[in-house]
Amino acid sequence: MKKILFCIAIFVINILLTLLSSCNSKLSSPQNPLGDKGLAGEQKAEEVIEYLKTGDTESLKAMFCSELKNRDNFDEKISEIISFIDGEIISYDIGGGSGGRGESWEELSPPIYNVKTDKNKYYTILLSIYIENEDENKLGIHYLDVWLEDESEDTKNGIRNSDNNVCIYTE
């Protein structure tokens, strides 16, 4: 009986150690002081929505990585993104998903969907923010894609074009 209890105790201890050690990731950093990646992603998505709602181009531009900010057409692209959204944003949902991680990078990528305007238009906003990258010029938003959800055949078939989509990104 002692042997069985000993085996069960070792089994439980192994499970606890496995669970505790698997959570030992770098959750808090200067770029992500919140620690929780899902919460940090949601907060960044809220910031993007607020800047789009108010038309605050300067604050929105400040969130982007240096690589995009240094492009010749960056200001025009940000203006295009803001003017692409027809009307005032009145509601939206932020999806789950904390992002991803590779050997030389880590990102937050909170999707913003069901973005509804007062002109009864719906959009999806895909966003990716490097919070760690071996290339410091890529820290910040490196991908922002705004997609108009309408009844056109292109949208129904998943085809993105200049009529239903505007995007700015870097590799």
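**View 1. Surroundings of Leu144 in the predicted model.** Once neighbours within four places in sequence are set aside, Leu144 is in contact with Val48, Phe64, Ile81, Ile125, Leu126, Leu127, Val166, Cys167 and Ile168. The model shown here and in the following views is a predicted one. Leu144 also belongs to the largest nonpolar core, a set of 32 residues in which Leu52, Phe64 and Leu144 have the most contacts. At least two residues of this core come from each of H2, H5, S4, S5, strand S6 (140–149) and strand S7 (165–169), and H2 provides the largest share, with six residues.

**View 2. Helix H2 and the residue that follows it.** Helix H2 covers residues 37–54, and its 18 residues should span 26 Å at 1.5 Å a residue, a value that agrees with the 26 Å computed between its end C-alpha atoms. The buried residues of H2 are Lys37, Ala40, Gly41, Ala45, Val48, Ile49, Tyr51 and Leu52; of these, Leu52 is named among the residues with the most contacts inside the largest nonpolar core, while Val48 is one of the contacts of Leu144. Just after the helix, Gly55 adopts a positive phi of about 70 degrees.

**View 3. The aromatic pair of Phe64 and Phe74.** The model contains four aromatic pairs. Because Phe64 lies in the loop between helix H3 (57–62) and helix H4 (66–69), whereas Phe74 belongs to helix H5 (residues 74–84), the pair ties together parts that are ten residues apart in sequence. Both partners are buried, Phe64 with a relative accessible area of 2% and Phe74 with a relative accessible area of 3%.

View 4. Asn114, although not a glycine, has a positive phi of about 55 degrees, and its place is in strand S4 (residues 112–117). With a relative accessible area of 41%, Asn114 is partly exposed. Asn120, likewise not a glycine, has a positive phi of about 60 degrees and is placed in the loop between S4 and strand S5 (122–133). Asn120 is exposed, its relative accessible area being 53%.

**View 5. The chain as a whole.** The secondary structure consists of six helices and seven strands, which follow one another from the N terminus in the order α-α-α-α-α-β-β-β-β-β-β-α-β. Of the 171 residues in the chain, 35% are buried. Among contacts with a separation of 6 or more, 50% are between residues 24 or more positions apart. The accessible surface of the chain is about 10400 Å², and carbon and sulfur atoms account for 51% of this area.

Methods:
Residues numbered from 1 in each chain as written. Predicted model: local features only at pLDDT ≥ 70, side-chain atom pairs only at ≥ 80, totals over all residues. Heavy atoms only, no water. Helix = DSSP H or I, 4+ residues; strand = E, 2+ residues; numbered from the N terminus. Expected span 1.5 Å × (residues − 1). Buried < 20%, exposed > 50% of the residue type's maximum accessible area, 1.4 Å probe, protein only. Phe/Tyr/Trp six-rings, centres within 6.5 Å; stacked < 30°, edge-to-face > 60°. Core = buried A, V, L, I, M, F, W, Y, C linked by side-chain atoms within 4.5 Å. Contact = heavy atoms within 4.5 Å. Areas by Shrake-Rupley, 256 points an atom, 1.4 Å probe, with all protein chains shown as cover.
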